[in-house]
Amino acid sequence: MMAMIQALQSLAFTALLPALGIISIDLQAGEPNQRQLLISVFLVSSGFSALLPGTISDRYGRKPVLLSFMAMFVVINFVSAFVRDFHLLLVLRGLLGVASSGLTVLPLAIIRDRFEGAGMAKLQATVAMLFMAVPTFAPSLGFVLLELAGWRAIFVVIAVLALGGMGWYFFRLEETLPPERRRAGRSRDLLGNVGLVLTNRESIGYVIGMALIFGGHFGFINSSQQLIAEHFGAGSAYPLIFGTMAATMALASFTNSAIVECYGARRIGHVAIFCHLAASTGQLVLASMPGETLLEFVLLMSANMCLLITVFINFTAIALQPFGHLAGAAASVQSFFRLVLGAGLGGLIGLAYDGTPRPLAQSLVLVGLLTLLLVLFSERGKLFGQAGAQSASR
């Protein structure tokens with residue numbers, strides 16, 4: 001259930017990828033790279049809004065807050081199906097980002113209500129494995145709907161699926177934050193929670209590192225249709241290729257869930273950073289040489305996508321570990337940095353697209369290096385710690 005709720009956010013932009021070109025033409029968007037704003041605006045808005053749902057749910061409970069954000073998500077998708085102006089669609093995409101922030105943050109808080117440490121990492125890996133099924137089929141779903149009924153049908157189908165998920169959650173999951181554990185919020189609590197996360201050395205390096213890695217990934221997503229379909233000439237095979245690449249992330253999630261209790265989130269996460277840096281360097285070497293093939297690009301980018309989900313799963317567990325008493329607020333603040341910095345950076349990477357994979361490869365190497373430095377800061381220079389972080393919750 002948590003996987004499907006989180007997956008609605010992914011569905012909201014991955015299903016739209018095959019239709020970006022048609023939408024930009026139909027609504028007269030202007031220059032070709034402007035189509036990427038439909039993704040970037042959504043993700044940045046989701047990030048800025050991520051501060052709200054967790055903090056609110058720490059006071060009022062997880063269930064009513066999550067249901068409210070899901071209802072907003074349903075309504076905005078339905079309205080988007082009838083838009084006739086590109087700029088109005090951008091506004092609605094921003095509002096949809098606000099709604100999707102609750103769908104991203106609150107499942108993490110719900111999981112943290114019941115699990116911690118390696119147990120949380122294992123469950124998050126299982127959730128992520130199911131979550132990754134969405135990018136596997138979403139572009140193909142979007143392509144089929146585009147061919148059969150036009151791009152507006154994509155928004156309608158997303159709204160219907162979200163409505164079904166909302167009903168499932170309403171009837172089948174009880175509240176995970178009982179009244180005695182809730183916090184009486186005040187207007188200054190939001191800034192206080194931001195400060196709490198920013199000043200926690202054990203957590204902040206992982207939070208910002210996650211944001212940078214996500215930025216590289218979002219940069220690929222923003223330019224993936226132009227890179228795969230246009231630069232490498234895949235054309236209508238783009239949804240299938242993108243879906244196949246995303247499917248490898250589910251395999252990585254399954255592998256992580258099987259080994260995390262044995263080796264620990266820290267060891268796996270640290271190894272993943274070094275492997276990400278190696279794969280990114282390989283991408284840069286190939287992108288700097290003439291004649292890079294689609295197969296070479298897909299293989300190395302797929303490896304980086306696997307490493308992305310491995311980093312996300314383990315870094316999330318590590319970063320939330322010190323905040324058991326403030327799981328909702330901490331998840332909100334961490335999602336805020338991950339999405340705002342990540343989506344903003346991803347938007348810049350996407351806009352830097354020059355008809356070659358070189359800007360993307362350069363960005364992936366840079367974010368890998370910076371993330372490694374941030375992790376070293378949080379770990380005080382010592383990597384590959386003991387399996388399973390000790391709980392610091394109070």
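Which residues does F73 touch, leaving aside those up to four places away in sequence? I get L8, A12, L96, A99, S100, L103, I158 and A162 for F73, with contact meaning heavy atoms within 4.5 Å.

Ground rules before going on. This is a predicted model, so I take local features only at pLDDT of at least 70 and side-chain atom pairs only at pLDDT 80 or more, while totals for chains, interfaces and linings use all residues. Residues are numbered from 1 along each chain as its sequence is written, and side-chain values use heavy atoms, with hydrogens and water left out.

**Core.** F73 turns up again here: together with Y169, F220 and F297 it has the most contacts inside the largest nonpolar core, which has 120 residues. Such a core is a set of buried Ala, Val, Leu, Ile, Met, Phe, Trp, Tyr and Cys residues joined through side-chain atoms within 4.5 Å. Helix α14 (residues 294–320) gives the most to this core, 15 residues.

**Whole protein.** I count 16 helices and zero strands (DSSP runs numbered from the N terminus: H or I of at least four residues, E of at least two). Of the 394 residues, 60% are buried, which means under 20% relative accessible area with a 1.4 Å probe, protein chains only; exposed is over 50% and partly exposed lies in between. Among contacts with a separation of 6 or more, 87% are between residues 24 or more positions apart. The accessible surface comes to about 15200 Å², with 68% of it on carbon and sulfur atoms (Shrake-Rupley, 1.4 Å probe; for residues, only the protein chains shown count as cover).

**Helix pairs.** I looked at α3 (residues 37–49) and α4 (residues 51–60): the angle is about 30° and the axes are 4 Å apart. That makes α3 roughly parallel to α4. Axes are lines fitted to C-alpha atoms over the stretch in contact, and angles run from 0 to 180 degrees between N-to-C directions. Under 35 degrees counts as roughly parallel, over 145 as roughly antiparallel, 65 to 115 as roughly perpendicular and the rest as oblique. G47, F48 and S49 of α3 meet L51, L52 and P53 of α4.

Next, α11 (residues 201–231) and α16 (residues 358–378) cross at roughly 170°, their axes coming within 7 Å. The two are therefore roughly antiparallel.

**Loop check.** P179 is in the loop between α9 (152–172) and α10 (189–198). Buried or exposed, I wondered about P179? Exposed, at 59% relative accessible area. Its C-alpha is 7.5 Å from that of G61, 118 residues apart along the chain.
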